[in-house]
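Here is a brief report on selected local features. Have the sequence and the coordinates at hand.

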Amino acid sequence: MPASPPAPPSQTLSRGVRILEALAEAPGALTTDEIAREIAVHRSIAYRLIRTLEEHGLVERDDTGRVALGVRLSALAAGVSRDLVSGALPELTAVANELRMTAFVGVIDGSECVTLTSVEPQTAVASMAQRPGAHHPLSAGATGKALLSMLPEGEWPVPPTPALVAEVAAIRERGYGVSSDEVIPTVRAVAVPVRLRGGRPVALAVIYVGEVDDTAAIARRLQRSADALRAATGG
């Protein structure tokens with residue numbers, strides 16, 4: 001008996017996921033019209049999708065009607081790697097407030113680096129937001145390359161160009177990665193690779209705007225938190 005053809009994917013669900021992705025990538029809240037353009041649908045369709053996501057707490061609207069990711073989404077994301085998130089948050093909080101930079105955990109998702117959880121400093125006048133779910137190619141930025149440094153080149157999910165191979169080799173030798181203007185214009189990053197129990201690669205990182213003379217000192221601070229994270233998660 002011939003196998004049944006696979007069921008077609010749900011267009012409505014796919015559009016809802018694309019809204020969440022668009023909000024995760026946006027620098028701020030979006031209007032309904034902006035969301036409609038992002039996912040290439042009529043405004044009325046976008047509005048109905050937003051209302052459904054809002055009912056489930058996955059998005060929320062401010063007083064002007066602009067849409068942002070909702071707190072329920074953070075709770076769902078935390079459940080994916082609960083032990084990692086719970087172990088990382090105290091360290092991220094300490095790093096963020098000590099360095100006055102946004103600190104976060106990056107993980108691998110296919111060919112992308114995805115922010116699992118993040119903490120913004122409480123004392124900084126201004127800081128960069130790095131929302132959970134934000135993603136960019138593994139081949140760009142200190143965090144993605146720090147993650148690649150823990151994989152054999154033959155297992156990379158991105159093309160091993162000569163330039164990328166050289167940068168990742170430097171991270172392996174130095175123990176940390178640095179980047180500037182690679183993911184977001186004017187934004188700099190420092191990231192350290194962390195191999196947890198079972199060999200799972202993650203990266204601890206900070207992002208900031210402006211010059212910092214001693215990125216090695218930032219990396220040493222991140223490495224202390226990486227050691228603590230390994231201990232907290234049984235790594």
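Strand β6 covers residues 177-180. G177 and S179 form its covered face. V178 and S180 form the uncovered one. In a regular strand, side chains alternate between the two faces of the sheet. This is a predicted model.

## Pairing with β7

β6 runs antiparallel to strand β7, residues 187-195. Four bridges join the two strands. S179, on the covered face of β6, has A189 of β7 as its bridge partner.

The two strands form a hairpin, with six residues between them. In the turn, D181 has a positive phi of about 65°.

## H136 in strand β5

H136 sits in strand β5, residues 135-137. Is H136 buried or exposed? The relative accessible area of H136 is 11%. Buried means under 20%, so H136 counts as buried.

The H136 side chain reaches the backbone oxygen of A140 at 3.2 Å. Leaving aside residues up to four places away in sequence, H136 touches E112, C113, G144 and V183.

## Helices α6 and α7

Helix α6 spans residues 141-148, and helix α7 spans residues 162-174. Their axes come within 9 Å and cross at roughly 80°.

On the α6 side, K145, A146 and L148 make the contact. L164, E167, V168, I171 and R172 make it on the α7 side. Five of the contact residues are nonpolar and three are charged. No polar residue takes part.

Conventions:
Residues are numbered from 1 along each chain as its sequence is written. This is a predicted model: local features need pLDDT of at least 70, side-chain atom pairs count only at pLDDT 80 or more; totals for chains, interfaces and linings use all residues. Side-chain values use heavy atoms; hydrogens and water are left out. Axes are lines fitted to C-alpha atoms, for helices over the stretch in contact, and angles run from 0 to 180 degrees between N-to-C directions. Contact means heavy atoms within 4.5 Å. Ala, Val, Leu, Ile, Met, Phe, Trp, Tyr, Cys and Pro count as nonpolar, Asp, Glu, Lys and Arg as charged, and the others, Gly among them, as polar. Buried means under 20% relative accessible area, exposed over 50%, partly exposed in between (1.4 Å probe, protein chains only). A polar contact is a pair of N or O atoms within 3.5 Å; within protein, one must be able to donate a hydrogen and the other to accept it, and residues adjacent in sequence count only if both atoms are side-chain atoms. Two strands pair if DSSP finds at least two bridges between them.
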